[in-house]
Amino acid sequence: MEAPFPMDRSEKKEFEFEVIEKLIDENNGIVRTKQITDLGIDYRRIITYVDEGRLIRVKSGYYAINLDTYNEEDLIAGMFPDGVLTMETALYYYGYLKTRPFVWKIAVSKNTSKSRFKMDYPALEPYYSEKEVLSLGVTETTIGNSTMNIYTKDRLICDVLKYEDKMKREDFKTVALAYIQDDDKDVSSLMECASKRKVRQKVQNMIGVWL
């Protein structure tokens, strides 16, 4: 990245910060280190901005300027493009739950570094999965100004049954009823996912009679 005209050190520092600020705004509030350095801005400059309080190090390798300016959805989508919304978080985006949970539930590869989730904000709970399990029944949804992977309703209800003991009882009943009443459900897809998630008998026993 070349400055548009000759600058002294102080002017160049301000110019580069403005470039980073524009980049962050274009990426819904958060950018990776590589996105900045790819512009020709030295990593040491990034550290300087962090030390001065002008940049916020959200977590290792991710930076923002003002977390209050952007919503959690865009931060999550920016940090976890490889993740899949699951459990209560996904249920909320499908309208099965009325209140978005405080903790974001995200399915990721079992090989994902646990350090990616070491952050104070937003609150996260990873579901580490094998490749075949992670990719089963994945679609996309819009959250905030971003697009993110989410499990289909049919895959999701199988996980709800599989992890029933991890849910609040009232939420579980609300979700099961919402799925049964959902005209958009796909019973054949449900049974296929149920077999692969090893909950086919539970599906047949608990909600099969209503389908």
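This is a predicted model: local features need pLDDT of at least 70, side-chain atom pairs count only at pLDDT 80 or more; totals for chains, interfaces and linings use all residues.
Helix α1, residues 9–26, packs against helix α3, residues 43–51, at an angle of about 85°, and their axes lie 11 Å apart. An angle from 65 to 115 degrees counts as roughly perpendicular, and α1 and α3 are therefore roughly perpendicular to each other. On the α1 side the contact is made by R9, K12, K13, E16, F17 and I20, and on the α3 side by R45, T48 and Y49.

The next element to consider is an open sheet of three strands, in the order β1-β3-β2, with antiparallel pairing. β1 (31–32) and β2 (56–59) stand at its edges with a single partner strand each, so one side of each has no neighbour in the sheet. Strand β3, residues 62–64, pairs with β1 in the antiparallel sense over two bridges, and R32 stands opposite Y62 in β3. The pairing of β2 with β3 is likewise antiparallel and extends over three bridges; here R57 stands opposite Y63 in β3. β2 and β3 form a hairpin with two residues between them, and G61 in the turn has a positive phi of about 85°.

A second open sheet consists of five strands in the order β6-β5-β4-β8-β7, and its pairing is mixed. Its edge strands are β6 (124–129) and β7 (138–143), each of which pairs on one side only.

Which helix lies across β5, β6, β7 and β8? It is helix α4, residues 72–79, which runs at about 75° to β8. The buried residues of α4 are E72, E73, D74, L75, I76, A77 and M79. The cut-off applied here is a relative accessible area under 20%.

Attention now turns to helix α7, for which two helix contacts are described. Two packed helices are described by the angle between their axes and the distance between the axes. Helix α7 (residues 153–162) and helix α8 (residues 169–180) pack at about 150°, with an axis separation of 11 Å. Since angles over 145 degrees count as roughly antiparallel, this makes α7 roughly antiparallel to α8. The crossing of α7 with α8 is left-handed. K153, D154, I157, V160 and L161 of α7 make the contact with F172, V175, A176 and Y179 of α8. These residues of the contact of α7 with α8 divide into seven nonpolar, no polar and two charged.

The other contact of α7 is with helix α9, residues 187–196; the axes of α7 and α9 come within 8 Å and cross at roughly 45°. α7 and α9 are therefore oblique to each other, and their crossing is right-handed. In this contact D154, R155, I157 and C158 in α7 meet S189, L190, C193 and A194 in α9. The residues of the contact of α7 with α9 divide into five nonpolar, one polar and two charged.

Two individual residues complete the account. L161 is found in helix α7. Is L161 buried or exposed? L161 is buried, with a relative accessible area of 3%. Leaving aside neighbours within four places in sequence, L161 is in contact with F172, K202, V203 and M206. L161 and F172 are 11 residues apart along the chain, and their C-alpha atoms are separated by 8.5 Å. E170, by contrast, has its place in helix α8 and is exposed, with a relative accessible area of 52%. The C-alpha atoms of E170 and Y63 are separated by 38 Å, and these residues are 107 residues apart along the chain.

Terms used: Residues are numbered from 1 along each chain as its sequence is written. Side-chain values use heavy atoms; hydrogens and water are left out. Two strands pair if DSSP finds at least two bridges between them. Helices (H or I, at least four residues) and strands (E, at least two) are DSSP runs, numbered from the N terminus. Contact means heavy atoms within 4.5 Å. Axes are lines fitted to C-alpha atoms, for helices over the stretch in contact, and angles run from 0 to 180 degrees between N-to-C directions. Angles under 35 degrees count as roughly parallel, over 145 as roughly antiparallel, 65 to 115 as roughly perpendicular and the rest as oblique. A crossing is left-handed if the near helix is turned anticlockwise from the far one by less than a right angle, and right-handed if clockwise. Ala, Val, Leu, Ile, Met, Phe, Trp, Tyr, Cys and Pro count as nonpolar, Asp, Glu, Lys and Arg as charged, and the others, Gly among them, as polar. Buried means under 20% relative accessible area, exposed over 50%, partly exposed in between (1.4 Å probe, protein chains only).
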